[in-house]
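Open the model in your viewer and keep the sequence panel beside it.

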Amino acid sequence: MVTRDAVDSPRLRIVEAAVELLESGGPDAVSTRAVAAAAGMQPPAIYRLFGDKEGLLEAVAEHGYAQFLERKRARLDPAPQDPVEELRRSWDMVVEFGVSRPELFAVMNRATGRGPSAAHGAGLEILHGRVRRLAAAGWLRVGEELAAQIIQATGQGAVTTWHATPADRRDPALLTVLRESMVAAVTRAEPAVPAAESAPAAAARALRAALPDDTGVLSAAERSLLREWLTRLAADGTTADGTTADGATVDCATAPDGTAHD
């Protein structure tokens with residue numbers, strides 16, 4: 001991803017100077033005068049390029065997200081053999097970044113509520129892609145949106161708690177326990193769909209088999225229609241004699257009006 005920082009050297013010099021001051025001296029060290037001096041420029045350049053100090057901090061946050069995104073993409077496995085282990089690795093990477101760069105991580109977190117960030121948005125897409133792979137393989141025990149929120153909240157909470165704890169009382173076991181609690185909260189012990197059957201048909205067969213006669217949520221007509229949809233999806237890859245690749249016979253569906261469909 002090419003950002004305007006990559007093609008605008010004065011802007012990049014100012015942002016990098018601000019990051020260095022932030023990480024060496026904390027937020028109070030990031031004054032417009034100090035940043036301009038560190039970047040070898042005059043203070044008016046900061047106001048011209050960023051508007052004010054808040055604008056500069058937003059640029060610093062965007063720069064941090066771009067750096068983190070680059071690291072995230074470098075380690076991205078588009079087709080992991082073990083999606084749960086990939087979840088652990090990605091969570092550890094977020095926490096490692098936050099633990100090693102606390103001031104920048106704090107500025108990045110504050111910036112997320114002030115408007116969209118291209119790099120932050122791209123990072124979220126990667127997260128949702130991971131969650132989607134877990135769901136498609138039958139590993140998720142909660143909805144995709146809730147799973148993504150749990151993963152984010154536990155990662156941010158782990159970093160915040162770590163830095164709020166006096167250095168002599170910090171125990172790395174805390175991070176491991178929080179990570180495993182997150183994994184237990186969002187994934188099953190075993191996938192609902194066997195690893196060898198990751199296509200929609202396998203997921204539809206699993207859901208159809210687990211669907212109770214009375215969910216207490218759906219009406220009889222809705223349950224019947226759902227079963228019809230699941231039967232159609234489950235029939236994907238069915239042979240001409242009505243059996244699946246594993247030899248199972250595909251049931252006929254019953255429509256809400258009580259009639260059978262082929």
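**The whole protein**

Begin with the surface display. The protein exposes about 14600 Å², and carbon and sulfur atoms supply 54% of that area. Keep in mind that this is a predicted model.

Now switch to the cartoon. How many helices and strands does the protein have? There are 12 helices and two strands. Follow the chain along the sequence: the pattern reads α-α-α-α-α-α-α-α-α-α-α-α-β-β.

Colour by burial next. Of the 262 residues, 35% count as buried. Then think about contacts between residues with a separation of 6 or more: 64% of them join residues 24 or more positions apart.

**Stop 1: helix 2**

Select residues 9-25, which make up helix 2. Check the length with the distance tool. At 1.5 Å a residue, the 17 residues of this helix should span 24 Å, and the end C-alpha atoms are 24 Å apart, so the two values agree.

Which residues of helix 2 are buried? They are R11, I14, V15, A17, A18, V19, L21 and L22. Look at how they are placed around the helix. An α-helix has 3.6 residues a turn, so residues three or four places apart point the same way.

Step just past the end of the helix. There G26 takes a positive phi of about 85 degrees.

**Stop 2: the nonpolar core**

Go back to I14 and show its side chain. I14 is one of the residues with the most contacts inside the largest nonpolar core.

What does I14 touch, leaving aside its neighbours within four places in sequence? Select V35, A39, M41, A45, I46, L49, F50 and L56. In soluble globular proteins, nonpolar side chains tend to be buried together.

**Stop 3**

Move to helix 3, residues 32-39, where you will find T32. Is T32 buried or exposed? Its relative accessible area is 18%, so T32 counts as buried, since the cut-off is under 20%.

Show its side chain. It makes a polar contact with the side chain of Y47, at 3.4 Å. Beyond its neighbours within four places in sequence, T32 is in contact with I46 and Y47.

**Stop 4: helix 5**

Start with D52, which caps the N-terminal end. A side-chain oxygen of D52 lies 3.2 Å from the backbone nitrogen of E54.

Now try the distance tool again. The 22 residues of helix 5 should span 32 Å at 1.5 Å a residue, and the end C-alpha atoms are 32 Å apart, so this helix agrees with expectation.

The buried residues of helix 5 are G55, L56, L57, A59, V60, A61, H63, G64, Y65, F68, L69 and K72.

**Stop 5: an aromatic pair**

The structure holds one aromatic pair, and F68 and F97 form it. A pair of aromatic rings is described by the distance of the centres and the angle of the planes. Here the rings are 5.0 Å centre to centre, with 55 degrees between the planes, and the pair is tilted.

Why does this pair tie together parts that are apart in sequence? F68 lies in helix 5 and F97 in helix 6, so the pair links parts that are 29 residues apart in sequence. Both F68 and F97 are buried.

**Stop 6: E86**

Remain in helix 6 and select E86. With a relative accessible area of 4%, E86 is buried.

**Stop 7: A147**

Jump to helix 9, residues 144-164, and pick A147. At 0% relative accessibility, A147 counts as buried. It touches V131, L140, V142 and V186, not counting residues up to four places away in sequence. Then find L127. The C-alpha atoms of A147 and L127 are separated by 10.0 Å, while the two residues are 20 residues apart along the chain.

**Last stop: R232**

Finish in helix 12, residues 220-234, with R232. Is R232 buried or exposed? At 56% relative accessibility, R232 counts as exposed. Its side chain makes a polar contact with the side chain of E228, at 2.6 Å. Finally, select A204. R232 and A204 are 28 residues apart in sequence, and their C-alpha atoms are 8.6 Å apart in space.

Notes. Residues are numbered from 1 along each chain as its sequence is written. This is a predicted model: local features need pLDDT of at least 70, side-chain atom pairs count only at pLDDT 80 or more; totals for chains, interfaces and linings use all residues. Side-chain values use heavy atoms; hydrogens and water are left out. A nonpolar core is a set of buried Ala, Val, Leu, Ile, Met, Phe, Trp, Tyr and Cys residues joined through side-chain atoms within 4.5 Å. Buried means under 20% relative accessible area, exposed over 50%, partly exposed in between (1.4 Å probe, protein chains only). Contact means heavy atoms within 4.5 Å. Rings of Phe, Tyr and Trp (its six-membered ring) pair if their centres lie within 6.5 Å; planes under 30 degrees apart count as stacked, over 60 as edge-to-face and the rest as tilted. Helices (H or I, at least four residues) and strands (E, at least two) are DSSP runs, numbered from the N terminus. Accessible areas come from the Shrake-Rupley method with a 1.4 Å probe; for residues, only the protein chains shown count as cover. A polar contact is a pair of N or O atoms within 3.5 Å; within protein, one must be able to donate a hydrogen and the other to accept it, and residues adjacent in sequence count only if both atoms are side-chain atoms. The expected span of a helix is 1.5 Å times one less than its number of residues.
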